[in-house]
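Subject: Structure handover

Hello,

Please read them side by side.

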Amino acid sequence: MLKFRTTNIFLVAALLILVVVFFFHHFHLFYFLIPATIYLILLFYGSFHVRSGFYMDIICSGNFHNNEIAITFDDGPQNNITPAVLDVLNKNNIKAGFFCIGKKITGNEDIIKRIVNQGHLIGNHTWSHSVFIDFYSAKRILREIKQTEDLIFKITNQRTKFFRPPYGVTNPSVRKAVEIGKYRAVGWNVRSLDTHHWKKPGRIVNRVIKKLKPGSIILFHDTNSDSPVILEKFIRYVLSKGFTIVQLDKLIETN
């Protein structure tokens, strides 16, 4: 699998070869743009494709030999929606993972306590989930992660070391922050696209079902008013097909 470091080495090597060839056989400078363009395309792909592992190691699935999957939710806690999601999970005796945004925890402390009391896993999704966070320095990203972790600890007396980068975007700064903080980065391999509110619950469930396979980590959001309905339909389907829904940490520990 192509990595950021090896890509840099290939770029430097390609440019050096071009410089040497250019010294002996002059050609149009346009040819220098070819490796540079390929390099930029790879950087873009690696940044926005969470499963690529281009910049850092990130867990996106569990053991494919077991018929187990894990459900995760991002961007909460959301008043009214997250409790309804928890109701569905509790009714079906299902454990899930919740990657929470720090600034949304304030005022929703009771929801965080309920997540823990019902046996679910809490993960870290930074403090702000800013659209500009991927331009932050590693130091600033780490500060956001630790701020969220400290607040979760204050409420639950539990430390969380599971981290999911906002939007699933990774880069050298995110990697450095994760390494310094000794967090475990977790992505997904099935994305529901349930934040597209114009999509009906049935279509969202069908999308997830088509991509589902043993070891899958499914990404939902507890910010969509249809999330409880989507979750109910999804649980009913996977159980009927013989899948076992396990908590995220169990799924990836057996990876």
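Phe73, Phe98, Phe220 and Phe234 are linked into a cluster by ring pairs; rings of Phe, Tyr and Trp (its six-membered ring) pair if their centres lie within 6.5 Å, and planes under 30 degrees apart count as stacked, over 60 as edge-to-face and the rest as tilted. The count by this rule is seven aromatic pairs. One is tilted, because the ring centres of Phe4 and Tyr55 are 4.9 Å apart with the planes at 45°. Phe4 belongs to helix H1 (residues 4–24) and Tyr55 to the loop between helix H2 (33–48) and strand S1 (68–76), so this pair ties together parts 51 residues apart in sequence. Helices (H or I, at least four residues) and strands (E, at least two) are DSSP runs, numbered from the N terminus.

Tyr55 is buried, at 8% relative accessible area. Phe44 and Phe48 also form a tilted pair, 4.7 Å centre to centre and 40° between the planes; both are exposed. Buried means under 20% relative accessible area, exposed over 50% and partly exposed in between (1.4 Å probe, protein chains only).

Two arginines lie over ring faces: Arg140 over Tyr136, 3.8 Å from the ring centre, and Arg159 over Phe153, at 4.1 Å. The criterion is NZ of Lys or CZ of Arg within 6 Å of the ring centre and within 35 degrees of the ring normal.

This is a predicted model: local features need pLDDT of at least 70, side-chain atom pairs count only at pLDDT 80 or more, and totals for chains, interfaces and linings use all residues. Residues are numbered from 1 along each chain as its sequence is written, and side-chain values use heavy atoms, leaving out hydrogens and water.

Regards
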